[in-house]
Amino acid sequence: MSVSLSVNVNAIAMLRNRRDLPWPDLRALGRIALEAGAAGLTVHPRPDQRHIRFSDLPVLRALIDDEFPHAEFNIEGYPSDDFIELCRINQPEQVTLVPDDPRQATSDHGWDFLANRALLKDTVGRLKADGARVSLFADGDTSLEALEVAREVGAERIELYTGPYGGCYDDADRAKRIAEALGQTAERARSLGLGVNAGHDLTVENLPMLVKRIPFIEEVSIGHGLTADALIYGMAETVRRFRRACGQTV
Ligand SMILES: CC(=O)[C@@H](O)[C@H](O)COP(=O)(O)O
Ligand SMILES: NCC(=O)COP(=O)(O)O
């Protein structure tokens, strides 16, 4: 089993939104990413639509349906009624629920599973009834008791929040300690039958150590670092570089 790469196009949308113009073109760049071997596309629509716009979702859904039927669409976000309706309309293969406040600049923590048991149970049930696999964003030190709630509410996977790991790009010892904590959380999740995804601030440089510690990660979703590299190497070559960093043979 190798780690799949889902390309998050939020940062591309943010660049597009600097002008009232349709480029960079999400559908065109999504196509290049999928042609280069990405397993799917990720979006994280926020209520203010500051990067991905709700109108982008059907365009990306159609790209996958028309040209890459084996690829997956992953929609991430806070489970408001509007978000659940967006998911119902756009039929993602996977929904990743994230406990974001609309005022947050970006995602910066996982779920408090015990405090949100009822919300998660209701939401996971609704999303699964619409046909999606559900993954729940989880801090890197989530306890077994909390992960039991993730399983009990019906989630199939967790997504490890790797922001603190990505943040220590200049401190190898700290990165090693955080990778170890992430690995232990991943093992706790696996012992309960939960699949493990990971994401936030992952890069070509920091992926290999994470994948070595947690070889059973099913998917990483990557946007910011991948988009930054695409400015240097182009989207297709960047996707190949990230796939190699995931341990894939390219
Ligand atoms: C859940 C997660 O870590 C990513 O979706 C991240 O939140 C990207 O969102 P932004 O592009 O808004 O920072
Ligand atoms: N789920 C994490 C994600 O989609 C991308 O996060 P980032 O690479 O933009 O930090």
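Which elements make a right-handed β-α-β unit with E4 and E5? Select strand E4 (residues 94-97), helix H5 (residues 117-129) and E5, and that right-handed β-α-β unit is on the screen; right-handed here says that, with the strands pointing away from the viewer, the path from the first strand over the helix to the second runs clockwise. From E5 the chain crosses through helix H6 (residues 144-152) to E6, and this β-α-β crossover is right-handed. Helices (H or I, at least four residues) and strands (E, at least two) are DSSP runs, numbered from the N terminus.

Before going further, note that this is a predicted model, in which local features need pLDDT of at least 70 and side-chain atom pairs count only at pLDDT 80 or more, while totals for chains, interfaces and linings use all residues. Residues are numbered from 1 along each chain as its sequence is written, and chains are lettered from A and ligands numbered from 1 in the order in which they are written.

**Strand E5**

Stay with E5 (residues 133-138), which is largely enclosed by the rest of the structure because five of its six residues are buried (20 or more other C-beta atoms within 10 Å of a residue's own; exposed is 12 or fewer, partly exposed in between, with C-beta atoms placed from the backbone). E4 and E5 pair in the parallel sense over four bridges, pairing being assigned if DSSP finds at least two bridges between two strands; leucine 97 has leucine 136 of E5 as its bridge partner. E5 is also joined by four bridges to strand E6 (residues 157-161), again in parallel, and there phenylalanine 137 is partnered by glutamate 159 of E6.

**Annotated positions**

Next select Asn8, Arg19, Asp201, Gly223 and His224, where UniProt places the feature "binding site" in an unreviewed entry; such annotations may be inferred rather than shown by experiment. These positions are spread over 217 residues of sequence and also in space, up to 25.7 Å between C-alpha atoms.

Asparagine 8 lies in strand E1 (residues 4-8) and counts as buried because it has 27 C-beta neighbours inside 10 Å. Leaving aside neighbours within four places in sequence, asparagine 8 is in contact (C-beta atoms, placed from the backbone, within 7 Å) with Thr42, His44, Ser221, Ile222 and Gly223.

Aspartate 201 is found in the loop between strand E7 (195-199) and helix H9 (207-213), and with 19 C-beta neighbours inside 10 Å it counts as partly exposed.

**Ligand 1**

Finally, select ligand 1 and the 13 residues around it, of which Asn10, His44, Thr106, Ser107 and His200 come nearest (near: C-beta atom, placed from the backbone, within 6 Å).

Notes
Two residues are in contact if their C-beta atoms, placed from the backbone, lie within 7 Å.
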